Amino acid sequence: GQDTPDGNYQRLKNSGEKHADKISKVTLHAVSNYRGWITALCYGYCFGVELTIDNIIAQYFFDRFHVNLHTAGIIAASFGLANVFARPGGGVVSDMLGKRWGIRGRLWGWWIVQTLGGILCVVLGLVNTLASSIAIMLVFSVFVQAACGFSFGVVPFISRR
């Protein structure tokens with residue numbers, strides 16, 4: 001895309017208001033920015049957990065509760081289905097917190113959502129009934145995927161470059 005927060009990139013470049021940095025300078029800035037590394041690690045947590053659970057949750061229900069494979073697959077699909085509203089919802093809540101408390105609100109919200117997701121992951125492993133496992137998994141999926149949405153609310157504030 002050519003549109004940026006400052007306007008059309010090509011027009012800004014042609015008028016001299018925006019200049020293109022050397023790729024080595026951009027890369028050095030990116031690699032040396034500790035905020036970028038911290039954000040990458042936090043996003044790696046929330047998205048990594050999501051991918052891991054997407055890959056193992058059907059087998060978990062199949063092995064632990066002895067449901068048939070078709071039923072385990074349907075249960076597992078509901079984990080990913082929460083992406084329809086949870087990820088954008090996390091971004092919206094991040095924007096609301098950002099409007100009220102700035103970047104600190106966004107970061108605290110992200111931390112709280114990720115922490116609750118981690119707690120729910122542990123709880124999922126501790127419950128022993130199918131119904132409670134499904135309920136915990138659904139709430140867990142909302143928090144994990146909302147954390148991804150929160151990360152998208154934080155990324156634009158890592159660096160002005």
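Helices (H or I, at least four residues) are DSSP runs, numbered from the N terminus. The structure is a predicted model, in which local features need pLDDT of at least 70 and side-chain atom pairs count only at pLDDT 80 or more, whereas totals for chains, interfaces and linings use all residues. Residues are numbered from 1 along each chain as its sequence is written, and side-chain values use heavy atoms, with hydrogens and water left out.

Gln 145 lies in helix α6, which covers residues 130-154. Gln 145 is buried, with a relative accessibility of 0% (buried means under 20% relative accessible area and exposed over 50%, with a 1.4 Å probe and protein chains only). The side chain of Gln 145 comes to 2.8 Å from the backbone nitrogen of Asn 83. Beyond its neighbours within four places in sequence, Gln 145 has contacts (heavy atoms within 4.5 Å) with residues including Glu 50, Phe 79, Asn 83 and Arg 87.

Helices α3 and α6 pack with their axes 9 Å apart and at an angle of about 165° (axes are lines fitted to C-alpha atoms over the stretch in contact, and angles run from 0 to 180 degrees between N-to-C directions). The two helices α3 and α6 are therefore roughly antiparallel, a term for angles over 145 degrees. Among the residues making this contact are Glu 50 and Phe 61 of α3 and Gln 145 and Phe 152 of α6.

His 66 is located in the loop between α3 (34-65) and α4 (69-81). Although not a glycine, His 66 has a positive phi of about 55°. Most residues other than glycine have a negative phi. His 66 is exposed, at 66% relative accessible area.

Terms used: A polar contact is a pair of N or O atoms within 3.5 Å; within protein, one must be able to donate a hydrogen and the other to accept it, and residues adjacent in sequence count only if both atoms are side-chain atoms. Angles under 35 degrees count as roughly parallel, over 145 as roughly antiparallel, 65 to 115 as roughly perpendicular and the rest as oblique.
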